[in-house]
Amino acid sequence: MVILIGGKGSKRTEYFLKAAEKQGVPVQLISWEEIFKGFNYRILEGAAVKIDPPSYKITELGIMQESLSAYQDILKGMALCRCTFLNTPEAILNVLDKRAAKRELAKHMVPVTRMVSENAGPASQLISIMEDKREYSVFIKPVNYSGAAGVLAFRLNPLNGRMKLYTSCCLDKGKLYNTKKLHVIDNNADIINIIDSLAGICSAHNMPGLIAERWHPKDSFNGRSYDLRVVYQYGRISYIVVRQSDGPVTNLHLNNQAVDFRRLMLPENIVSGIEEICSNAMSVFKGLDMAGIDVMLDKGSRKPRIIEINGQGDLIYQDIFSGNKIYSEQVKMLSGKA
């Protein structure tokens, strides 16, 4: 039996079920609404299971953290089940922790974006670290969030102390919210307040905190920088989408532009390098059959680096609205039809 744990009405669920129906594979859907109300894990025994992330309508980052903690506890419970997972709960948890995942990748010599600080808040502490290391452009990220939630692209001018921040966060009446719009902020006091608020959320909810990574200059196409979301599953690349933007944050839900990978016309050695780095990254994490891997190419050399890995990063609109290849392959493998 194939079981999908997901959100009712989500695009992930809809198109996975469409792929299953096309192949004549019955799928039992267990919604996150049912699971959060209380769930008997024995239902999963002996099944082939895919775990999609819950769909949240919450935008306040503090409340998001509470929901994330509940989700992590459920994954730990599911890990005790004797069944076949597309991605095991342990593997999903392992890559959800950006700090630990980066450590593992670096330990296995997989090129990654450089860590500037593993404890990046509050603002005064972060700025001191940046000045000591002479790293004046960084990405600040909560260790466990995904989808650009809480991500801050921060620049500090070392000559005059002026700051600039790019983020989908906004601060309103002392609370930090995630939005679907990229905000550009150049007021030092406002920027410090946002960084401190994000660090405060981490501290108040006993979460692992913030990391700061070097803001590496990216390769560009038609005058705009880009990175790649690579869906890698079952030992090969299933899909690559180019995420292009005028600013530093490339997530497509922030009205950035998706570009067909073939339009880049990258040389074969660069494409092979992307395939190799993704393969090597996947081999680091046991129990991970699929991942959405964010890859950047260095400006000039086009050397590939892993930005981060998402154990549930397989929703690509360009795919589901065309061949639905990613989910079709997952159904085939989970049902034993491959």
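The following questions and answers go through a predicted model of one protein chain.

Reader: What kind of model is this, and which pLDDT is needed for local features?

Author: Residues are numbered from 1 along each chain as its sequence is written, and side-chain values use heavy atoms, with hydrogens and water left out. The model is predicted; totals for chains, interfaces and linings use all residues, side-chain atom pairs count only at pLDDT 80 or more, and local features need pLDDT of at least 70.

Reader: How many helices and strands does the chain have?
Author: Helices (H or I, at least four residues) and strands (E, at least two) are DSSP runs, numbered from the N terminus. By that count the chain has 10 helices and 16 strands.

Reader: Why is the chain said to be as compact as a globular protein of that length?
Author: The radius of gyration is taken over C-alpha atoms, and the globule rule is 2.2 Å times the number of residues to the power 0.38. For 338 residues the rule gives 20 Å, and the chain is close to this, so it is as compact as a globular protein of that length, with a radius of gyration of 20 Å.

Reader: What does the C-alpha trace span along its principal axes, and what percentage of the residues count as buried?
Author: The C-alpha trace spans about 65 × 50 × 35 Å along the principal axes of the chain. Buried means under 20% relative accessible area, exposed over 50%, and partly exposed in between (1.4 Å probe, protein chains only). Of the 338 residues, the share that counts as buried is 54%.

Reader: What share of the contacts with a separation of 6 or more comes from residues 24 or more positions apart?
Author: Contact means heavy atoms within 4.5 Å. Among contacts in the chain with a separation of 6 or more, residues 24 or more positions apart account for 64%.

Reader: How many positive and negative side chains are there, and how far apart are the centres of the two sets?
Author: Lys and Arg count as positive and Asp and Glu as negative, while His and the chain ends are not counted. The place of a charge is taken as NZ of Lys, CZ of Arg, CG of Asp or CD of Glu. The chain has 43 positive and 35 negative side chains, and the centres of the two sets lie apart by 2 Å.

Reader: How many aromatic pairs are found, and which geometry does the pair of Tyr15 and Phe321 have?
Author: Rings of Phe, Tyr and Trp (its six-membered ring) pair if their centres lie within 6.5 Å; planes under 30 degrees apart count as stacked, over 60 as edge-to-face and the rest as tilted. A search of the whole structure finds eight aromatic pairs. In the pair of Tyr15 and Phe321 the ring centres are 5.6 Å apart and the planes stand at 80°, so the geometry is edge-to-face.

Reader: Where in the chain do Tyr15 and Phe321 lie, and which residues form one aromatic cluster with them?
Author: Tyr15 is in helix H1 (residues 11-23) and Phe321 in the loop between helix H9 (317-320) and helix H10 (325-335), so the pair links parts of the chain 306 residues apart. Tyr15 is buried at 11% relative accessible area, whereas Phe321 is exposed at 51%. The aromatic cluster is formed by Tyr15, Phe321 and Tyr317.

Reader: Which geometry do the rings of Trp32 and Phe36 have?
Author: Trp32 and Phe36 are four residues apart in helix H2 (residues 32-37), about one helical turn. Trp32 is buried at 3% relative accessible area, while Phe36 is partly exposed at 38%. Their ring centres are 5.4 Å apart and the planes are at 35°, so the pair is tilted.

Reader: Which residues is Gln72 in contact with, leaving aside neighbours within four places in sequence?
Author: Gln72 lies in helix H3 (residues 61-78). Gln72 is buried, with a relative accessible area of 15%. Leaving aside neighbours within four places in sequence, the contacts of Gln72 are Leu93, Leu96 and Asn144.

Reader: Which elements are included in what covers the buried residues of H4?
Author: Six of the eight residues of helix H4 (residues 89-96) are buried; they are Pro89, Ala91, Ile92, Leu93, Val95 and Leu96. Their cover includes strand S3 (48-51), H3, strand S4 (84-85), helix H5 (98-107) and strand S16 (304-310).

Reader: What is the phi of Lys173?
Author: Lys173 lies in the loop between strand S8 (163-172) and strand S9 (175-185). Lys173 is exposed at 81% relative accessible area. Although Lys173 is not a glycine, its phi is positive, at about 55°.
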